Amino acid sequence: MTIGLTGVTGFLGQQLLDVAIRRGHQVIGFSRTPERKINGCDETRRFSLEEPPDVTGCDAIVHLAGEPIFGVWTPAKKRRIVESRVLGTRRIVEAINAASEPPEVLVSGSAIGIYGDAGETELTESAPRGEGFLPETTSAWEAEATNVQKARLVLLRTSIVLGKGAGALGVMAPAFRAGLGGRLGTGRQWMSWIHLRDWTKLALFAVENLDLQGPLNATAPWPVRNSEFTRHLAATLRRPAFLPVPAFALRLLGDFSHELLDSKRVVPAAATEHAFGFEFPELAPALKDLLG
């Protein structure tokens, strides 16, 4: 199968590229700098927010491109977050709908941020949208994807992805190694997470499984509270974790603080229903594999 991949140079895109190739797929990378050769890609094509890309010859599209959400959400940052997702997805959908031989499936990146702060409620794919900047942005992002007419659609709602030396662990692990780790706020908020290998397997599962469509929570089956995550991470690194970060300090980050303090107890109901096998369903073995 030939897979078209946006966001191919990112943390998730690079891993998906490597695994797809090992499985025997060919990959066409989409980039804002198509003249740049990307190792592993059969070719690189242009991707921009201004015009639809060329999806000729793609059997599937996995659309991951988007402005990273980490950092202070200034008005300019929030604008980039919205435009990169909404306009980028619109261009992908326009390309598929206009193609004479369209891809069979669009796996469109999304996020569990769509659920917002849900407290103790367990969230499956049928849970309602939350309130706030990220739920509204993610909802608009998904709405663009649902305009696709010529392809099966999977909305890949990604949680915190744990990978070695990058992603969330790339930010947290150095602080914990230095003995500067601790819970965020009260630590009672639920965190949903997934090991990078499971995320990659699930993304390809969405491409290859013809019965799968609609929202797909890319989360491990066992979410944890932030305090439990902190305890496991500190234990894996054999460091103390006694420096909690108070909620008022995190709120200095503005709207981004919701990503750190909101409670999202998300479970992968659709993946479980379709008999997807998680290699790392529980947090402690996942952290040991990545950091032990």
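## Helices and loop residues in a predicted model

Helix 5, which covers residues 196-208, contains 13 residues and spans 18 Å from its first C-alpha to its last, close to the 18 Å expected at 1.5 Å a residue. The model described here is predicted.

A second topic is the packing of two helices. Two packed helices are described by the angle between their axes and the distance between the axes. For helix 6 (residues 226-237) and helix 10 (residues 283-291), the axes come within 10 Å and cross at roughly 35°. The crossing of helix 6 past helix 10 is right-handed. Helix 6 contributes Phe229, His232, Leu233, Thr236 and Leu237 to the contact, while helix 10 contributes Leu283, Ala284, Leu287, Lys288 and Leu291. By class, the residues of this contact comprise 7 nonpolar, 2 polar and 1 charged.

Two loop residues deserve a separate description. Arg238 lies in the loop between helix 6 and helix 7 (247-250). Ala275 lies in the loop between helix 9 (269-273) and helix 10. Arg238 has a positive phi in a residue other than glycine, and the phi of Ala275 is likewise positive in a residue other than glycine. The table lists their values.

| Residue | Phi | Relative accessible area |
|---|---|---|
| Arg238 | near 55° | 75% (exposed) |
| Ala275 | near 60° | 65% (exposed) |

Exposed here means a relative accessible area over 50%, so Arg238, at 75%, is counted as exposed, and Ala275, at 65%, is also exposed.

Notes: Residues are numbered from 1 along each chain as its sequence is written. This is a predicted model: local features need pLDDT of at least 70, side-chain atom pairs count only at pLDDT 80 or more; totals for chains, interfaces and linings use all residues. Side-chain values use heavy atoms; hydrogens and water are left out. Helices (H or I, at least four residues) and strands (E, at least two) are DSSP runs, numbered from the N terminus. The expected span of a helix is 1.5 Å times one less than its number of residues. Axes are lines fitted to C-alpha atoms, for helices over the stretch in contact, and angles run from 0 to 180 degrees between N-to-C directions. A crossing is left-handed if the near helix is turned anticlockwise from the far one by less than a right angle, and right-handed if clockwise. Contact means heavy atoms within 4.5 Å. Ala, Val, Leu, Ile, Met, Phe, Trp, Tyr, Cys and Pro count as nonpolar, Asp, Glu, Lys and Arg as charged, and the others, Gly among them, as polar. Buried means under 20% relative accessible area, exposed over 50%, partly exposed in between (1.4 Å probe, protein chains only).
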